[in-house]
Amino acid sequence: MTITYRIGVIPGDGTGPEVVREGRKVLGAVAAAEGFALDPVEFDLGGERYLRTGETLPESVLEELRALDAIYLGAVGHPDVRPGVLERDLLLRIRFELDQYVNVRPVRPYPGVSVPLARVDPAEIDLVVVRENSEGLYAGAGGFHRKGTAGEVAVQESINTRFGVDRCLAFAFELARRPGRRGHVTLVHKTNVLNYAGDLWSRAFADMATRHPGVGTAYVHVDAACVYLVEDPGRFDLVVTDNMFGDIVTDLAAAIAAAGLMLETLGEFEAARRVETGIRSVAPKLRSMRAAEMGFTTSEVGDMIAEAAANA
Ligand code: IPM
Ligand code: MG
């Protein structure tokens with residue numbers, strides 16, 4: 001019997017729909033090649049819907065999302081929507097309600113695509129940031145006091161539970177042992193200043209390390225990690241860090257092939273490998289990775305990757 005995965009598709013706003021259309025081509029091609037099926041369920045969530053109806057994530061949609069095997073999301077954001085609305089009420093709400101507790105962000109250069117680091121050999125860069133995705137500063141704890149007055153106070157608290165930190169660390173240590181990884185985990189935090197959260201993270205990290213003999217470990221403060229990511233990224237295999245630091249360091253480092261990551265999460269490793277190989281074979285043919293400078297339309301790039309992935 002053919003396995004069918006029910007995939008929620010949220011094309012979203014801006015470049016989202018354009019990119020998701022091509023991602024679906026590639027997903028369709030690798031599913032056919034591997035002999036499983038994808039049953040996409042489309043949702044028109046995002047800025048357009050919010051402006052039209054005032055809805056970000058209705059309860060009924062959230063319930064539908066819960067029942068799916070995965071969600072394939074393009075991009076959300078709209079110039080006419082006040083910053084914070086779609087971020088908190090759509091994106092973070094999905095993450096929290098569905099308990100998507102890690103945010104896995106691989107960093108890998110593609111052949112033929114220039115890396116903006118003059119002194120680094122691109123072949124040395126192969127790391128994955130495992131970002132805690134359900135708590136920290138993102139938890140939304142805090143509040144205002146005397147809002148709008150000269151004596152205003154704003155408190156934004158970072159929530160760190162041993163349970164949340166442990167499951168994130170466990171994920172990173174397990175990933176470090178997967179084939180193709182180098183078996184090394186670096187904790188990135190700011191223990192010299194964040195004496196409560198950092199302390200919990202480092203104790204939990206040390207305990208997790210004792211339960212994973214054979215996995216090497218290191219600790220780097222987040223500011224230093226930014227320097228190393230630019231000067232010596234080859235030192236990192238797995239990087240594990242909290243929600244806020246993970247958000248920041250991954251913009252310094254990551255570009256993501258989301259369709260392949262989704263397939264890995266579903267356990268379709270061969271299909272994920274096809275996506276990666278497809279992208280690797282097409283990347284050198286592009287003049288640039290910048291929008292409108294690729295030398296091909298988005299749709300042409302989608303066709304090329306889909307074909308290469310099917311044959312990979
Ligand atoms: C990301 C984004 C989001 C985040 C924003 C849009 C809420 O920057 O996924 O990295 O901060 O997590
Ligand atoms: Mg970000």
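This is a short tour of a predicted model, stop by stop.

**Stop 1: strand β1**

Select residues 4–12. This is strand β1. Is it mostly covered or mostly open? It is mostly covered, with seven of its nine residues buried.

To see one facing pair, pick G8 and look across to V41 in β2.

Next, show residues 16–34, helix α1. Together, β1, α1 and β2 form a right-handed β-α-β unit.

Then turn to strand β3, residues 70–75. β3 also pairs with β1 in the parallel sense, over five bridges. Click I10: its bridge partner in β3 is L73.

**Stop 2: ligand 1**

Zoom in on the side chains, one at a time:

- R105: an N or O atom of its side chain sits 2.7 Å from an oxygen atom of ligand 1.
- R131: a polar side-chain atom lies 2.8 Å from an oxygen atom of the ligand.
- Y138: here the distance from a side-chain N or O atom to a ligand oxygen is 2.7 Å.

How much of ligand 1 does the protein cover? On its own, ligand 1 has 320 Å² of accessible area, and the protein covers 71% of that.

**Stop 3: helix α4**

Now color the buried residues of α4: V85, L86, L90, L92, I94 and R95.

Step just past the end of α4 to D99. Its phi is positive, about 50°.

**Stop 4**

Keep one rule in mind. Most residues other than glycine have a negative phi.

Go to R146, in the loop between β6 (136–145) and β7 (153–159). R146 is not a glycine, yet its phi is positive, about 55°. Its relative accessible area is 46%, so R146 counts as partly exposed.

Finish at A292, in the loop between α10 (269–282) and α11 (298–311). A292 is not a glycine either, and has a positive phi of about 70°. Is A292 buried or exposed? Exposed means over 50%. A292 has 84% relative accessibility, so it counts as exposed.

Technical notes: Residues numbered from 1 in each chain as written. Chains lettered and ligands numbered in written order. Predicted model: local features only at pLDDT ≥ 70, side-chain atom pairs only at ≥ 80, totals over all residues. Heavy atoms only, no water. Buried < 20%, exposed > 50% of the residue type's maximum accessible area, 1.4 Å probe, protein only. Helix = DSSP H or I, 4+ residues; strand = E, 2+ residues; numbered from the N terminus. Pairing = 2+ DSSP bridges. Right-handed = clockwise from strand over helix to strand, strands pointing away. Polar contact = N/O pair within 3.5 Å; in protein donor to acceptor, adjacent residues only side chain to side chain. Areas by Shrake-Rupley, 256 points an atom, 1.4 Å probe, with all protein chains shown as cover.
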